[in-house]
Amino acid sequence: MNDQYSFRRRRPAAGAAFLALACLALSPLSRAATTLPEVQVTKSPIPDYEFDSARNGKYCASCNGGMGNSLFAFTGADGKLWVGTVDFQTGAFYPPDGHGVLVDTETAPVADFGNGPEWMSGASGSRIVYTRYVTGSTHSESTAQIGMATMVNGTWTPSVLPNSLGRATPDGSKDDSDTNPRINYISADKSALFWRQMSAPGVEVTMPIADLTGGNSRRWVPGTRKIIFQGHNPSDARLVDQVYTYDTDSGAVEQLTFDAVGKYGAFMWKAPEYGNEYVFFTMADFRRKILVYRKIAGTDGVKRWTVIKTITPPTKLPYFWSPEVFTHNGRSYIFTVVSPSNQFWDKSYPTHLAISGIDPLKQNFKMLTNDTTKPRVRLDPEYFITAKGPFIYYNRLVPATTEYPDGVNDGVWYVDTGLGAPLSK
């Protein structure tokens, strides 16, 4: 899922790419003794692909009617929704262009609402949730609705949630053991947020958080039925975005952060470093820091969400974009785009990828890419833990110019994190 759901294309300022290159030329990256290897998965454009549950390092060959759970889904610019396969042993895409199984048509491309299809995991298998237009209609906010594809007798079968007209950008819960998975989504105009459970897919429940957020960067908290999101209280004169959770079981809204620094997005997960306690991270200081929080007791004995680690980027690449987290062999890792620009959708600036652990006693921030001989925009990274270990996949572009304002496609690539194969359990 993109860390921003909506955007407006920006035409790059003259000379922006050259300025970015100059910045990189002066950075420590250009002085690295060796260029870290990047592996091209495909030359084809595959926008905002999302991986099924095998990305967590557990391959299930019998899942999804024998198709397995090592899959990826995406919607092309033509509105067609495809499912392809990831070779769990090598990390290769099959077929390379991702056009394995055509699931549905007239689905919303990423450019329409800022996000493509997402997976929903549960005890009964995987489902794909996405924004779909009314067949034959003019594509608009009013004709958008919530689509869902389910594996039925070995075939991906598309459907539309009842009474979901004018809705968009669904996200499914991702708990493989959940017998009643859930979906959350927004009204296409961002005026309201909703959720449903699969035991009653026709019943829409309004989330009472529309006064706090328009729906950007909302995510399910794994192993719970909570959603973590950024937003601000309209009664706060500073209008500073904070981190909140909303519990779809109880209806409770909890504010997690309270300081005067604005927050951008959030992820919460079970951290094996802390006995599988829940921790979360968010970006702050205009995306120039990643803050990791843990709930610990203060001097008064009261437990509060407290920053335990602050991650900062390289001096010449001072902005974080699209950070996500995974756990592997007993540790948590945050991976992210690092950029010289604070303009997320300005594709004229070359960017790189980096990774960090969350242990406050270890300075383990590491660049994953460092090639400055071929300036490239790296965006929308996703993790997949193969049999060889965690790979970070990403789209790569030749930077935008006045002639090519959206850049030039350079395919899908991955880097090996070097963290090693999953330990057998």
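Modeller: A search through the whole structure turns up 19 salt bridges, a salt bridge being a side-chain nitrogen of Lys or Arg within 4 Å of a carboxyl oxygen of Asp or Glu. Bear in mind that this is a predicted model, where local features need pLDDT of at least 70 and side-chain atom pairs count only at pLDDT 80 or more, while totals for chains, interfaces and linings use all residues. Residues are numbered from 1 along each chain as its sequence is written, and side-chain values use heavy atoms, with hydrogens and water left out.

Take R396 and E38 to begin with: their side chains meet in a salt bridge at 3.2 Å, N to O. This pair ties together distant parts of the chain, with R396 in strand β28 (residues 389-398) and E38 in the loop between α1 (16-25) and β1 (39-42), 358 residues apart. Helices (H or I, at least four residues) and strands (E, at least two) are DSSP runs, numbered from the N terminus. Both R396 and E38 are buried; buried means under 20% relative accessible area, exposed over 50%, and partly exposed in between, with a 1.4 Å probe and protein chains only.

D171 and K174 form another salt bridge, at 2.8 Å from N to O. D171 counts as buried because its relative accessibility is 4%, whereas K174 has a relative accessible area of 37% and is therefore partly exposed.

Then there is D359 with R331, at 4.0 Å, N to O. Here too the pair links distant parts of the chain: D359 sits in the loop between β25 (352-357) and β26 (366-367), R331 in strand β24 (residues 331-339), and 28 residues separate them. D359 is at 18% relative accessibility, so it counts as buried; R331, at 33%, counts as partly exposed. Some salt bridges also share partners, and these join E38, R376, R378, R396 and D410 into one network.

Now for the nonpolar side. The largest nonpolar core has 20 residues, and F326, F335, L353, I355, L368, Y383 and I392 touch the most other members. Such a core is a set of buried Ala, Val, Leu, Ile, Met, Phe, Trp, Tyr and Cys residues joined through side-chain atoms within 4.5 Å. Two or more residues each come from β23 (319-328), β24, β25, β27 (377-386), β28 and β29 (408-416), and β27 gives the largest share, four residues. So β28, the strand that holds R396, also contributes to this core. Look at I392 too: leaving out residues up to four places away in sequence, I392 touches F326, F335, L353, L368, P381, E382, Y383, W413, Y414, V415 and T417, where contact means heavy atoms within 4.5 Å.

One last stop is the disulfide, meaning a pair of cysteine sulfur atoms within 2.5 Å. By that rule the count is one, and C60 is joined to C63 with an S to S distance of 2.1 Å. The link of C60 and C63 is right-handed, with 90 degrees about the S-S bond. C60, at 22% relative accessibility, counts as partly exposed, and C63, at 26%, counts as partly exposed too.
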